[in-house]
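Visitor: I would like to learn how to read a structure of this kind, feature by feature. Could you take me through it?

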Amino acid sequence: MCSCVIDNDSSLSPAWQYPWRENKGNGTIEGQAGILSAIMTVDALPSLVSFADWIRETDAHAAHRLVLMEQVERVLRKPEEVADADRRVLAEKLERWRYQHLNEHAGEFSSQHEALADALDLTANQLAGRPDRPPRATRRAIDDPSLDADTIEEAVAALGAGFPLDRLVDRATELTIEKFGGCRTTDVTGRMRQRVLLYAPVYVSSECVNHCRYCGFRHPQHITRKHLSVDEAVAQARILQQRGFRHLLVVGGDFPSKTTAAYYADILQALVREGVEPGIEIAPQSTQSYAELVDAGVCGLTLYQETYNEELYSHYHVRGPKSSYRWRLESHDRAAEAGVSRLGLGVLLGLADVQEDVIAMMRHAVYLMDRFPDRTLAFSLPRIHEAPDEFDIPHPVSDDQLIRLYCALRIGFPEAELVLSTREPAALRNRLAKICITQMSAGSSTAPGGYQPGGEDIGEQFPVVDHRSAAEVARWLEEEGFPVCWSIEETKSL
Ligand code: SF4
C-alpha cells in the first residue's frame, strides 16, 4: 500500500499546472510579482523526502535513491558547509534521476509520478543555487489548448487550408516589416524591407550513436565520419569570417564520449576569441552543461523536437540518447535556466501531421515566452527532402504549405526570428525572404571540415539545395532592399 503524501487521484488545478501564469512575468515589476506568486506555490509542493516510503516500496533502485536523498537532505540543512561545485554535482545526479524516472514511467504517468518529477526538479534547482521557479511543465503545455487563447489563436486559425494564403502572406509581410524593418534600405524603389541576419553552420562532428530512422548519419550507417579538433573548427570559422560571417552555428552529432560539453566549451571559447558569436545545434545537455557553455560564450541554442507526437517520436528514435522524449523536450527549459539568451525551436516537417506538430511547437513557445520573457525566440521549419532509401516520407509538405506555416508563425510570434536554411531551393528562399524570414544561412557546407578548399569529401548530413555563395545571397538581398547583418550585434544597431 502506498504511503506517499500525494493523492493518486488528485487532479492538477490550473494554478498547479502553470503557477507563473497567475501574474504573467514580463521582466518588469509585474513580472516579478508573477515569480513571487510562483514561489509561494512552489513552497506548497511536497519535499523530496516525503516520497521516501513510496520510493522504498515501488522503486527497483530504492537503496541507491534513498542514500542520495539522505545526502541531499544533509546538504539542504547546512548548504553553507558544502562547496558550490559539490552541490552542483548533487543537483546533476537528481536531474539524471528525474529523467530516468520520466523515461521509465513514460506510458503510465500518474499524478504521483509527476509530483516526484517536480520535487526532483525543484530540489535540483535549489541545490544548484539557481533562482526559485515553478516546476517545468513543458509536457503539460504542449497538450493544452487553453494556451492558444491569448497569443496564438489567429496563428492556429491561419494553419487551416481554408484561410486564403494571399491574405496570410500580406499579414505576415506587414508584421515582419513592422517588427524588423530596418532604418536603412538599399532598395531603389524605397520599399521597406526587414533586416536579414546571415549565418553559417560549422559542422564539427559527424560521429553519432543515435538511430534516427530518417537520417543517413544514424549509427548503423557505414559512412566515413569525421570529428574536428578545436584547431580544425577554428580553421573553418576563419574561412567563414573571410566570407563576412560573424554569427556561426556549431553543429555536431551525438557521441557522448567525444561530443562532450567540455569539447564544445573549448570550441566556443576559441571561436569567441576569434571574434565569432557562436550558437549551438548539438545534442541536449544537462542544465549544468548548458551553464558551462554559457560561460564559454554561447549566444543561442537551436534544437528541434523533430516531432512533438510522443508515440511517433519513439517510433523514429529507436535507440540512443535521443530516444528520450522528455530529455529533448525540456532542453530549452534547461538552457534558459542556465542563461542561454536565444532559444531556437523547430520540427522536422514530414514526420508527422504538420498542423498538430506546429500547434504543439507554438504552445511550447508560448510556455517559454511566459517563463523566460527576456529571451529571444527563433523558429525553423526544415523539411525532409532526402532520407535513407528505406524511409518513405509519411507527411510530405508542399511549398505553399511551408509558406503557410512560416506565415502562421509570424502572426503568432511577430517578434521571433524566423530562420531558413539552405535545404530549400534559392527561388523558394527568395520568396520566403520577401514575406517573413529574418535569419538565413548561406554558402553552407553540412560536412565537418567542408569549407576547407580541396578537403576530402566525407559526405554531408543533408544536401544543400541553394548552392549560391554567401556573397551571392548577400548581393541578392541587398539588391532587393534588405539590410543585411552578419552578426546579432549588428542587428541591434538597426
Ligand atoms: S538526426 Fe542527428 S542525432 Fe539523429 S542520427 Fe542523424 S545526426 Fe544523429
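Visitor: Where is the place of glutamate 306?

Guide: Two remarks on the source come before that. This is a predicted model, in which local features need pLDDT of at least 70 and side-chain atom pairs count only at pLDDT 80 or more, while totals for chains, interfaces and linings use all residues. Residues are numbered from 1 along each chain as its sequence is written, and side-chain values use heavy atoms, with hydrogens and water left out. Helices (H or I, at least four residues) and strands (E, at least two) are DSSP runs numbered from the N terminus. Glutamate 306 is in the loop between strand E4 (300-302) and H14, and although glutamate 306 is not a glycine, its phi is positive, at about 70 degrees.

Visitor: Is glutamate 306 buried or exposed?

Guide: Buried means under 20% relative accessible area, exposed means over 50%, and partly exposed lies in between, using a 1.4 Å probe and protein chains only. Glutamate 306 has a relative accessible area of 7%, so it is buried. Glycine 107, in the loop between helix H5 (84-104) and helix H6 (111-127), is exposed because its relative accessible area is 78%. Over the chain, buried residues make up 57% of the 494 residues.

Visitor: Which residues does tyrosine 325 touch?

Guide: Contact means heavy atoms within 4.5 Å. Tyrosine 325 is in helix H15 (residues 325-329), and it counts as buried because its relative accessibility is 3%. Not counting residues up to four places away in sequence, tyrosine 325 touches Arg139, Ile142, Gln305, Thr307, Tyr308, Asn309, Glu310 and Tyr313. The C-alpha atoms of tyrosine 325 and tyrosine 99 are separated by 9.7 Å, although these residues are 226 residues apart along the chain.

Visitor: How many aromatic pairs does the structure hold?

Guide: Rings of Phe, Tyr and Trp (its six-membered ring) pair if their centres lie within 6.5 Å; planes under 30 degrees apart count as stacked, over 60 as edge-to-face and the rest as tilted. The structure holds ten aromatic pairs, including the edge-to-face pair of tyrosine 214 and tyrosine 316, with 6.2 Å centre to centre and 75 degrees between the planes. Tyrosine 214 lies in the loop between strand E1 (196-205) and helix H11 (230-242) and tyrosine 316 in helix H14 (residues 310-316), so this pair ties together parts that are 102 residues apart in sequence. Both tyrosine 214 and tyrosine 316 are buried, and ring pairs link Tyr214, Tyr316 and Phe391 into a cluster.

Visitor: Which residues touch the most other members of the largest nonpolar core?

Guide: In soluble globular proteins, nonpolar side chains tend to be buried together. A nonpolar core is a set of buried Ala, Val, Leu, Ile, Met, Phe, Trp, Tyr and Cys residues joined through side-chain atoms within 4.5 Å. In the largest one, which has 100 residues, Leu198, Leu381 and Leu477 touch the most other members, and helix H17 (residues 354-371) gives the most to this core, with ten residues. A second, separate core of 22 residues includes Phe51, Ala119, Leu120 and Ala128. Leaving aside its neighbours within four places in sequence, leucine 477 is in contact with Val196, Leu198, Ala433, Met440, Phe482 and Val484.
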